[in-house]
Amino acid sequence: MPATPPHAPDPKSVNVNVTAGTGVDIEWSDGHRSIYTFQFLRDACPCALCDEERHNHGRPPGEGPKSKAGDLPMFRPAVKPTLAEPVGRYALRFTWNDGHMHGIYSWDYLRDVCPCQECRVRRESENVTANKRG
Ligand SMILES: [Zn+2]
Ligand SMILES: [Zn+2]
């Protein structure tokens with residue numbers, strides 16, 4: 001069985017479309033391409049606070065809070081960063097328009113939460129294995 005690489009490949013190119021407000025595009029050195037919306041990235045914020053909140057609600061990174069049954073859909077203003085800056089050579093940091101700014105999105109993390117179909121399927125199969133083990 002092919003071993004999973006020890007860490008994610010580095011990005012070959014990173015486009016943060018702050019002005020357009022669309023999201024982030026990453027092309028990885030292994031040829032994979034990841035496209036994240038800003039909403040997704042905000043909901044996948046890796047900081048301890050957001051991580052704990054997601055954990056408490058059993059939400060995977062990138063999934064927004066669910067409104068309770070019977071509730072009107074929650075109004076959520078469009079999320080986008082007011083600032084996106086590189087952290088060393090290994091990560092990106094965003095300052096969001098809701099004032100949140102503590103998440104450091106490492107390449108490893110971003111590759112890990114890649115929302116494309118291929119990566120979703122891979123994560124699901126990994127979860128199944130993990131559950132069997134635990
Ligand atoms: Zn956070
Ligand atoms: Zn992917």
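User: Helices are DSSP runs of H or I with at least four residues, and they are numbered from the N terminus. In this predicted model, which element gives the most to the lining of the largest pocket?
Analyst: Two helices, α3 (107-112) and α4 (117-133), each supply at least two residues of this lining. One helix gives the most, with six residues, and that helix is α4.

User: About how much space lies in the largest pocket?
Analyst: The pocket is lined by 14 residues, and those that lie nearest its centre are P60, P61, R120, R123 and N127. The space in this largest pocket is about 470 Å³.

User: By class, how many residues in the lining of the largest pocket are charged?
Analyst: Arg counts as charged, together with Asp, Glu and Lys. Among the residues nearest the centre of the pocket are R120 and R123, so both belong to this class. The lining also has five nonpolar and two polar residues, while its number of charged residues is seven.

User: What share of the residues of the protein chain count as buried?
Analyst: A residue is buried if its relative accessible area is under 20%. The chain has 134 residues, and its accessible surface comes to about 9100 Å², with 54% of that surface belonging to carbon and sulfur atoms. The share of residues that count as buried is 32%.

User: Is R54 buried or exposed?
Analyst: R54 lies in helix α2 (residues 48-57). Beyond its neighbours within four places in sequence, R54 is in contact with D43, A44, C45, P46, R59, P60, P61 and Y109. Because its relative accessible area is 3%, R54 is classed as buried.

User: How far apart in space are P65 and D43, C-alpha to C-alpha?
Analyst: P65 lies in the loop between α2 and β4 (81-87). Its relative accessibility of 36% makes P65 partly exposed. Along the sequence, P65 and D43 are 22 residues apart, while in space their C-alpha separation is 8.4 Å.

User: Is P77 buried or exposed?
Analyst: P77 lies in the loop between α2 and β4. P77 and N97 are 20 residues apart in sequence, with 9.7 Å between their C-alpha atoms. Exposed means over 50% relative accessible area, and P77 has 51%, so this residue counts as exposed.

User: What distance separates the C-alpha atoms of G99 and T82?
Analyst: G99 is placed in the loop between β5 (91-96) and β6 (104-106). With 52% relative accessibility, G99 counts as exposed. G99 and T82 are 17 residues apart along the chain, and their C-alpha atoms are separated by 8.9 Å.

User: Among contacts between residues at least 6 apart in sequence, what percentage join residues at least 24 apart?
Analyst: Two residues are in contact if they have heavy atoms within 4.5 Å. Among such contacts in the protein chain between residues at least 6 apart, the part joining residues at least 24 apart is 37%.

Notes:
Residues numbered from 1 in each chain as written. Chains lettered and ligands numbered in written order. Predicted model: local features only at pLDDT ≥ 70, side-chain atom pairs only at ≥ 80, totals over all residues. Heavy atoms only, no water. 1 Å grid on protein atoms, 1.4 Å probe; cavity = no way out; pocket = protein on both sides within 12 Å on 5 of 7 lines; lining within 4 Å. Points joined across faces, edges and corners; volume = space filled by probe spheres on them. Buried < 20%, exposed > 50% of the residue type's maximum accessible area, 1.4 Å probe, protein only. Areas by Shrake-Rupley, 256 points an atom, 1.4 Å probe, with all protein chains shown as cover.
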